[in-house]
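Trainee: Could we go through this model together? I would like to begin with the helices.

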Amino acid sequence: MYSQPTFEVIEGKASDPTVGRFSFRNLIPRLILRGFYVATATFVAALLPFFADINGLIGAFGFTPLDFILPMLFYNMVFKPSRRSFIFLINALIIVVFTIVGILGCIAAIRQIVLDARAYRLFANL
C-alpha cells in the first residue's frame, strides 16, 4: 500500500502517455518494473527480522490517526456541534484516548525494534 505512490512515479517515467495504458509499449515496461519492484520490496522485507515490528510502528503512526482521530476531529470541525453536546464530548474523548493509544503504540513498536535489532541476523525468520 505504501509502495504505490513510489511505483506510480517510476511507472510515469517509463511509460508513454500518448499511447494507451495497456498498449504493448507501456505494458511490457510496466510488467518488468512492477515485477522488479515487488521482488526488491519482498527481498527487503525478508531481510529484516523485525519486519512485523516495523508494521506495528507504521500502524501506530499512520492508521491510528487516520481511523480514529481525524474522522472525529473533522466531524467536529465540519458540523460544529455545540461544545456541550454529547456528540462533541464523545468525539473529544475518542480523540484524546486514541492519541494516547497511538503514542503508546509508537513507543512500544520502537522499543520492540530496538530489542530485535540487538540480535539482528539477516533472514532470521526464514
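Mentor: Helix 3 has a kink of about 45 degrees, centred on Pro-65; the bend at a residue is the angle between axes fitted to the seven residues ending there and the seven starting there. Helices are DSSP runs (H or I, at least four residues), numbered from the N terminus. This is a predicted model, where local features need pLDDT of at least 70, side-chain atom pairs count only at pLDDT 80 or more, and totals for chains, interfaces and linings use all residues. Residues are numbered from 1 along each chain as its sequence is written, and side-chain values use heavy atoms, with hydrogens and water left out.

Trainee: Which residues of helix 3 are buried?

Mentor: Asp-53, Gly-59, Ala-60, Gly-62, Thr-64, Ile-69 and Asn-76 are buried, that is, under 20% relative accessible area, with exposed over 50% and partly exposed in between (1.4 Å probe, protein chains only). Their cover includes helix 4 (86–118), where contact means heavy atoms within 4.5 Å.

Trainee: What follows helix 3?

Mentor: Lys-80 does, and its phi is positive, near 45 degrees.

Trainee: And Met-77, where is that?

Mentor: Met-77 lies in helix 3. Its relative accessible area is 49%, so Met-77 counts as partly exposed.

Trainee: Changing topic, which residues of helix 2 are buried?

Mentor: In helix 2, they are Asn-26, Arg-30 and Leu-47. Helix 1 (4–14) is among the elements covering the buried residues of helix 2.

Technical notes:
Helix = DSSP H or I, 4+ residues; strand = E, 2+ residues; numbered from the N terminus.
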